[in-house]
Amino acid sequence: AVSTSGLTKYELAATGTPAILLSINSEDACLTNPFQTSKIANNLGVISEVSISKLSQMIVHLLSHPEERSTMSLAGPSIVDSNGTRRVTDTILAAA
């Protein structure tokens, strides 16, 4: 997927969808760095600073490297598991 890096990045990670992320501002780009570091997605940075050529190159790269897509597919759900609400609820109930 090619997506902005807002909350959608968590949904892509949870579903194991390999992604190329573009941010709307530098603060959002910084929040997306851990996704790059964890090999969940490729973070291209702030969209206004990304050329069509750079985006195209990243798309071609990802399409031609199935092992990288596989790594992303496995890394996402291992870090973003969609069970945060249950963990928060369990913690609150345990403290009560």
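Is D81 buried, exposed or partly exposed? I find D81 partly exposed, at 32% relative accessibility (buried is under 20% relative accessible area, exposed over 50%, partly exposed in between, with a 1.4 Å probe and protein chains only).

I note that this is a predicted model, in which local features need pLDDT of at least 70 and side-chain atom pairs count only at pLDDT 80 or more, while totals for chains, interfaces and linings use all residues. Residues are numbered from 1 along each chain as its sequence is written, and side-chain values use heavy atoms, with hydrogens and water left out.

I searched the whole structure for salt bridges (a side-chain nitrogen of Lys or Arg within 4 Å of a carboxyl oxygen of Asp or Glu) and found three. In one of them D81 pairs with R87 at 2.9 Å, N to O, and R87 is partly exposed at 40%. I looked next at D28 and K9, whose side chains meet at 3.8 Å, N to O; D28 lies in helix α2 and K9 in helix α1, so the pair ties together parts 19 residues apart in sequence. D28 is buried at 13%, and K9 is buried at 3%.

I then turned to helix packing, where α3 (residues 52-63) and α4 (residues 66-79) meet at an angle of about 90°, with their axes 6 Å apart (helices are DSSP runs of H or I, at least four residues, numbered from the N terminus; axes are lines fitted to C-alpha atoms over the stretch in contact, and angles run from 0 to 180 degrees between N-to-C directions).

Technical notes. Helices (H or I, at least four residues) and strands (E, at least two) are DSSP runs, numbered from the N terminus.
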